[in-house]
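Subject: Structure handover

Hello,

Here is the structure I promised to pass on. My notes on it follow below.

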Amino acid sequence: MLAKKGGSKIKAPRRGLAKDDVDFDSTWNTLSTAFHEIFAKNASKLSFEELFRNAYKLVLKKKQDMLYDRVAELISLWLWNNVRTKIHSLVTPALLADRMDRHAAISEESRVAGERYIRALKDAFADHQLCMGMITDVLMYMDRMYAQDKKRPPIFSASMTLFRMRVLESTLETEPPLTVLGLLNTVLLDMIKSERKGEIIDRPLVRACCYMLEGVYDSYRDEESSKLYLTSFEPLFLQASREFYTTEGQTLLVEADASSFCTHARKRLAEEQERCQQTISQLTEHKVKAVVETELISAHIREVINMEGTGVQSMLDNDKIQDLANVYELVSRVDPRKTALKDVVKKRVIELGTDINKVANVIGEAAPAAKATQKAGADGKGIQQEKALNQQTHAAIMWVDQVLMLQAKFDKIWKEAFQKDTILEKALQNSFQDFININDRSAEHLSLFLDEYLKRGGKDKSDKEVDIVLEDGILLLQYLANKDTFETYYKRHMAKRLLMKKSVSREMEREMLSKMKMKIGNQFTQKLEGLIRDTETSDDLNIKYKKYVDKLGDRDPKRVELECRVLTTTIWPFETLSKPDENAAKTECKFPAPVEQVRQRFERFYLDRHTGRKLTWMPSLGDADMRATFTNGGKTRRYELNVSTYAMIILMLFNDLAPGECYTFEQIMAETNIPKPELVRNLQSLSLVSKWKVLRKEPMTKDIKPSDKFYFNEDFTSQFLKIKVSVVAGGGANRVESSEERRATQKRTEEERGIVIDAAIVRIMKSRKTVTHAQLMTETLAQVSSRFQPDVNMIKKKIESLIEKEYMERGPDPAKPSYIYLA
């Protein structure tokens, strides 16, 4: 309330009226008695408000130093006289008996005594914390004053330090001398060792002891790194773990197989993680895992991977995905480069790939072996050679099938077991590339494989399955080092498919080229796309030709119908599609009069619309549909024959021949001008193959001689109305090359490579003007390596050749070889 004007005033007390009524000794006696009651667990009747007020008064009167010292002394004496004595009394001979020898087994009696000992220590610490919590509340004001001055640690922290010094670091009466803490660590390590051996332990008890060690520090400063757990227990625990896992790893190598070892190692990692999270402390988790990785895994993983009969090789062979996943997980922990696993996987892929190569080569050598045993004439080996070549073609397709199966197998392992690891992906790619390029026929085999599916579309597969197979086949292109060789074969096979109308569809052909373009570039597919363009142009041309013929008013219902394919010389591989007799004179084939008339008419039609062009007829690439009539015993049989153009020419000779008359081989050659090798093959097909023996040969031998006679076989019969007459040994079907053909292909390939290298060198010199020898070699290799593996000597020869042709010249300093471009 407000004072009235002129009223009484509040006066300050006179000095001497407030006397110091705090007696430290009597106040301390009150506090110490209460503290003893707290330690004795008789605090229920104490007035904490009164105790706090007493402590507050002492601090207020600047006696906090004396109070702090007296409290610390009281705690120290209590710990020494009561807690220490109790803990020491539990150290019995039974407890110490088996623990003096680190390698001795712990008896049941010793185990029980050990648990009793650490439980008492745990309880003593818990009681100490509880009591100190109450005492700290009483001395809260004192702690606050010290916290401001930062002269001494809070009383609670000091009490924890005193617990360490007076109890944990107290020496036991043992030989050799042990501290309470040392014995605690020993018992804890023994319990953890027992758990590792499969025994059940009191986990909460161990956790409580570790919690105690985390709550006590090595100094008055409560720093994380000075926790007693980290400075005392953890180093011993990690050392014991190293010894345990070193021994266990050596034992497992002797007793366990690779799968069991990996499973056990993963189990140990999980156990240590669980132990740290639930039993000891998460502070140790990454450290003890590192111990397991070093001592158990890293030290033995290479031996485990290479275990005979159960290692990674066996896992790969038997598709043990989970076991491989275990190995991968362990290897990834200890080696980021996965060297041991990578080496074994790569080695196994190459071994399996080499086995596939060997099987293909064994079958591939069957034809030369059969040829060597042939004692017939040079012209009589066609049928036998065709059988051997068909077997080789089947082996080529099987080679790709097996490589794709191998790729699918390891692709599954890479995805499911190796978690799509990029290092192992690169190793797999390199290993596939290695064994595929060891097989010098791999490019031809892959092209034949694609040809097979693009012709028939897969007899027992759906369109989707065929598309997947072709996609996988295209993927093999990335492994081929000499892609130009593949281009050569693929162009040849594709040309035959299109000419013989054996392709499933042009859409699929385009799709294949699109996939190839994505894999190996546009330059590779340009000429192949030209093949499709020519066939489409020819289709349009044939439609226009038919309209042209209709306008001429030719009413002959039996006229010869002509369908031509006009092919661009620079795009189509004529040098491999047709194989004329190099020793024979180059003369044009004689067509029968009706066919010749139609041929000339088409030529006039074409040249009238395209001036400046020349048509060269290629009968070796064509085929014909004929109606053949056979009469015998008054019965007439009619068949539709699909034959080669040469076979058509041969058969039409017999239209003007009287029954019972014949032609000799020499007469047929003279009448048709068909090259001798082609004539031999076609006559063999028409007269020696029982399925379509429309000609009868005398004498009936497999070889063809100039004097052999050929009759029209009126006795021919067949259950089919439409018959396709295939040409033996290299007709329309795509097949594996013979040795001679392969040498010719290799020669042409080398010539084409020389042109590519020449062009690359000129491009480099034109852009750089002056370049050192090393730079020119490096850049040339880089430019041409996308198409083939270049030969360094060939590049050097091409450089010399261009210098001679004065495209470039050497630099002025011979000591530093260089080249200068000459415009």
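Start with F163: at 0% relative accessibility, F163 is buried (buried means under 20% relative accessible area, exposed over 50%, partly exposed in between; 1.4 Å probe, protein chains only). F125 is buried too, with a relative accessible area of 2%.

Some ground rules before the rest. This is a predicted model, so local features need pLDDT of at least 70 and side-chain atom pairs count only at pLDDT 80 or more, while totals for chains, interfaces and linings use all residues. Residues are numbered from 1 along each chain as its sequence is written, and side-chain values use heavy atoms, with hydrogens and water left out.

**Confidence**

pLDDT is the predictor's confidence in each residue, from 0 to 100. The chain has a mean pLDDT of 84, and 89% of its residues reach 70 or more. Contact means heavy atoms within 4.5 Å. Residues 367-382 also have pLDDT below 50, but this stretch has 18 contacts in the model beyond near neighbours in sequence. Where pLDDT is low, the predicted coordinates should not be read in detail.

**Overall make-up**

The chain has 823 residues, and 46% of them are buried. Its secondary structure comes to 32 helices and 11 strands. These are DSSP runs, numbered from the N terminus: helices are H or I with at least four residues, strands are E with at least two. Of the contacts in the chain with a separation of 6 or more, 71% are between residues 24 or more positions apart.

**Aromatic pairs**

The whole structure holds 25 aromatic pairs. Rings of Phe, Tyr and Trp (its six-membered ring) pair if their centres lie within 6.5 Å; planes under 30 degrees apart count as stacked, over 60 as edge-to-face and the rest as tilted. F125 and F163 form an edge-to-face pair, because their ring centres are 5.3 Å apart and their planes are at 65 degrees. F125 lies in helix 5 (residues 108-138) and F163 in helix 7 (residues 155-168), so the pair ties together parts that are 38 residues apart in sequence. Elsewhere, one aromatic cluster is formed by Y545, Y548, F602, F605, Y606 and W617.

Two arginines sit over rings. R497 has its charged end over the ring of Y490, 5.3 Å from the centre. R696 has its charged end over the ring of Y711, 4.5 Å from the centre. The test is NZ of Lys or CZ of Arg within 6 Å of the ring centre and within 35 degrees of the ring normal.

**Cores**

A nonpolar core is a set of buried Ala, Val, Leu, Ile, Met, Phe, Trp, Tyr and Cys residues joined through side-chain atoms within 4.5 Å. The largest one has 84 residues, and L341, F410, F418, L450, F486, Y490 and M516 have the most contacts inside it. Helix 18 (residues 382-416) gives this core its largest share, nine residues. At least three residues come from each of domain 2 (227-306) and domain 3 (339-366 + 390-539); the bounds are from an automatic or database domain assignment. Leaving aside neighbours within four places in sequence, L341 is in contact with I305, V312, V327, Y328, V331, F418 and L424. Another core lies apart, with 78 residues, among them A34, F125, F163 and F233.

**Helix 27 and F630**

Helix 27 (residues 645-653) is mostly covered, with nine of its nine residues buried. F630 lies in strand 3 (residues 623-632). At 0% relative accessibility, F630 counts as buried. Its C-alpha is 9.0 Å from that of V694, 64 residues away in sequence. Not counting residues up to four places away, F630 touches K635, T636, R637, Y639, V694, F712, N713, E714 and F716.

**Backbone points to check**

Most residues other than glycine have a negative phi, and most peptide bonds are trans. The bond from E698 to P699 is cis, with omega near -5 degrees. P699 lies in the loop between strand 6 (695-698) and strand 7 (709-712). D319 has a positive phi, near 55 degrees. D319 is in the loop between helix 14 (312-317) and helix 15 (321-334), and is partly exposed at 43% relative accessibility. K769 has a positive phi as well, near 65 degrees. K769 is in the loop between helix 30 (739-768) and strand 9 (770-772), and is partly exposed, with a relative accessible area of 45%.

Best wishes
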